[in-house]
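Work through the exercises below with the sequence and the structure at hand. Try each task before reading its solution.

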Amino acid sequence: ERNDALIWGGLADEIRKNCTSIDGRIFKGLITLRGIVSQAQDMGYTDDEIDTFRKSDTEKARLRARGEAYLKQHGVDRADAETFCTLGRAEIAKNSQIGVLLKAK
């Protein structure tokens, strides 16, 4: 889906926030986010349209639901921080779209 990069960034942020042994590659994340905005502009979306999408409660809920499904599918239990670490280490090892936004401390 065209919004996958937003999902991956959100998941990387969730992992970073919940696992003390993993940090985010903040600069890489900002570059990725800027690329998403640039791509949307290239597709003809105005800055106002992009901002409206970004602030949309409906879109936030849809993206969060997809992210939560990914976490559940990969064994993450919000009550157990180590499960975030396990997923984060696996994503880093795979050099996945999530993994490239993370680094082990």
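**Exercise 1.** Is Thr-83 buried or exposed?

*Solution.* The model is a predicted one. Begin with the location: Thr-83 belongs to helix α5, which covers residues 81-94. Next, take the relative accessible area of Thr-83, which is 15%. Buried means under 20%, so Thr-83 is buried. Finally, look for its contacts, setting aside neighbours within four places in sequence: Thr-83 is in contact with Gly-75, Val-76 and Asp-77.

**Exercise 2.** Classify Gly-44 by its accessibility, then compare its separation from Arg-89 in sequence and in space.

*Solution.* Gly-44 sits in the loop between α2 and α3. Its relative accessible area is 54%. The cut-off for exposed is over 50%, so Gly-44 is exposed.

**Exercise 3.** Find the aromatic pair and describe its geometry.

*Solution.* The structure holds one aromatic pair. Its members are Trp-8 and Tyr-70, with ring centres 5.6 Å apart and an angle of 65° between the planes. Planes over 60 degrees apart count as edge-to-face, so the pair of Trp-8 and Tyr-70 is edge-to-face. The pair links distant parts of the chain, since Trp-8 is in helix α1 and Tyr-70 is in helix α4, 62 residues apart. Now classify each partner. Trp-8 has a relative accessible area of 22%, so this residue is partly exposed. Tyr-70 has a relative accessible area of 15%, so this residue is buried.

**Exercise 4.** Describe the largest pocket: its volume, the residues closest to its centre, and the make-up of its lining.

*Solution.* Start with the idea behind the search.
Rolling a probe the size of a water molecule over the atoms shows where empty space is left.

- Volume: the largest pocket has about 1,300 Å³.
- Centre: 40 residues line the largest pocket, and the closest to its centre are Leu-6, Ile-7, Leu-33, Ile-36 and Leu-63.
- Helices: at least two lining residues come from each of α1 (4-18), α2 (26-42), α3 (47-55) and α4 (57-73).
- Largest share: α1 supplies 11 residues of the lining.

Notes: Residues numbered from 1 in each chain as written. Predicted model: local features only at pLDDT ≥ 70, side-chain atom pairs only at ≥ 80, totals over all residues. Heavy atoms only, no water. Helix = DSSP H or I, 4+ residues; strand = E, 2+ residues; numbered from the N terminus. Buried < 20%, exposed > 50% of the residue type's maximum accessible area, 1.4 Å probe, protein only. Contact = heavy atoms within 4.5 Å. 1 Å grid on protein atoms, 1.4 Å probe; cavity = no way out; pocket = protein on both sides within 12 Å on 5 of 7 lines; lining within 4 Å. Points joined across faces, edges and corners; volume = space filled by probe spheres on them. Nonpolar A, V, L, I, M, F, W, Y, C, P; charged D, E, K, R; others polar. Phe/Tyr/Trp six-rings, centres within 6.5 Å; stacked < 30°, edge-to-face > 60°.
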